[in-house]
Amino acid sequence: MGPEQVGALGPCPSCPGSGPGLGEMATLRSSLLLRLRQLLSGKAAMGSALRFGNSESRNIGICFIFASRSTQIKENHKFQKNGKEGHRAEDPAMGLSHVVVEIKEKHYLKYVYVWHAITGYWGGVRPGIYESKMAYPISSPGVNSNEPCDALRSITTNGLGLVNPEKVFSFYNELHSYLASAGIDGVKVDVQNILETLGAGHGGRVKLAQKYHKALEASISRNFPDNGIISCMSHNTDGLYSAKRSAVIRASDDFWPRDPASHTIHIASVAYNTIFLGEFMQPDWDMFHSLHPMAEYHGAARAVGGYAIYVMINLGTMTSIY
């Protein structure tokens, strides 16, 4: 089953670092996970992050990626061996597992994680699947004035398919068990703070966050025994206080390679955030490009901070940063 899209769509050119949505998941974002202590001991642990699957999108003129909704948990044809659009081989060996095997054996990467939003995708899940229903977040005036956001604007305009909180464990478990069966080691769960805008009709934002995080962590515990989860966009207090087992959390805004003014602000903010977050979670300072004028600056700051170092690279082009 191919991705369902309306119109000719592409990544939003106004979003720095924006990449393909689920409907355009041909690109593997190859990244190396370099843990500081393992680097110092000469044993670098390497990992790769993938995004895959099927989605439906709306041609709305702004950031289509944020209006996309998941339509099923399995990979689209682009991640299948000899895959063809409109046709999906059901043989597991022809699906995601062959990509994972190649990543680990050919490129010697130890860990492979898959990205997904806490609601499935940016625009949630197609209505009707896992009893999901359309919800329309409302952004506060304070948030809008402090940091206008194309992602949030798109979601508030086009809505989000929110899985029934009573069914969300089934959603996570089915997704994670499939990923684990293909050799995936964990997941990066993004867009977690969107839950605090969706509490109406579900007992409020705190109750909704508690149900989602409880289900998420139960699924992680069942399917990824090494607690394979990285939390992202999760600084809302509902999420911080509802997460009981998640150990790794993004502590910063994104690394913006094309914004020269962002780098010192990035390091300053992540250092301050780490003072608080580091008391109960392992802060993640975000990935950065190894081939970049500010690469040594970012690498040195992370080394001093003592936390994991993630490097975004094209295979074969990495430079030494340590």
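**Close-up views of a predicted model**

Phe280 is partly exposed, with 37% relative accessible area; that class runs between buried, under 20%, and exposed, over 50% (1.4 Å probe, protein chains only). This is a predicted model, in which local features need pLDDT of at least 70, side-chain atom pairs count only at pLDDT 80 or more, and totals for chains, interfaces and linings use all residues. Residues are numbered from 1 along each chain as its sequence is written, and side-chain values use heavy atoms, with hydrogens and water left out.

**View 1. Tyr172 and Tyr212 form an aromatic pair.**
A search of the whole structure finds six aromatic pairs. Rings of Phe, Tyr and Trp (its six-membered ring) pair if their centres lie within 6.5 Å; planes under 30 degrees apart are stacked, over 60 edge-to-face, and the rest tilted. Helices (H or I, at least four residues) are DSSP runs, numbered from the N terminus. Tyr172 counts as buried because its relative accessibility is 0%. Tyr212 is buried too, at 1%.

**View 2. Phe276 and Phe280 form an edge-to-face pair.**
Their centres are 5.3 Å apart, and the planes stand at 75°. Phe276 is partly exposed because its relative accessibility is 42%.

**View 3. Four residues form one aromatic cluster.**
The members are Tyr130, Phe171, Tyr172 and Tyr212.

**View 4. Ile155 is buried in helix 4.**
Helix 4 covers residues 150-158. Ile155 counts as buried because its relative accessibility is 2%. Setting aside neighbours within four places in sequence, Ile155 is in contact with Phe66, Trp122, Pro137, Leu160 and Ile194. Contact means heavy atoms within 4.5 Å. Gly123 is 32 residues from Ile155 along the chain, yet their C-alpha atoms are separated by 6.4 Å.

**View 5. Helix 2 has a buried side and a face turned away from it.**
Helix 2 spans residues 96-106, and its buried residues are Leu96, Ser97, Val99, Val100 and Ile103. These residues lie on the same side of helix 2 because they cover an arc of only 160° around the axis. The arc is taken from the directions from the helix axis to the C-beta atoms. An α-helix has 3.6 residues a turn, so residues three or four places apart point the same way. Exposed Glu105 and Lys106 are carried on the face turned away from the buried side. Just after helix 2, Tyr108 takes a positive phi of about 60°.

Methods
Helices (H or I, at least four residues) and strands (E, at least two) are DSSP runs, numbered from the N terminus.
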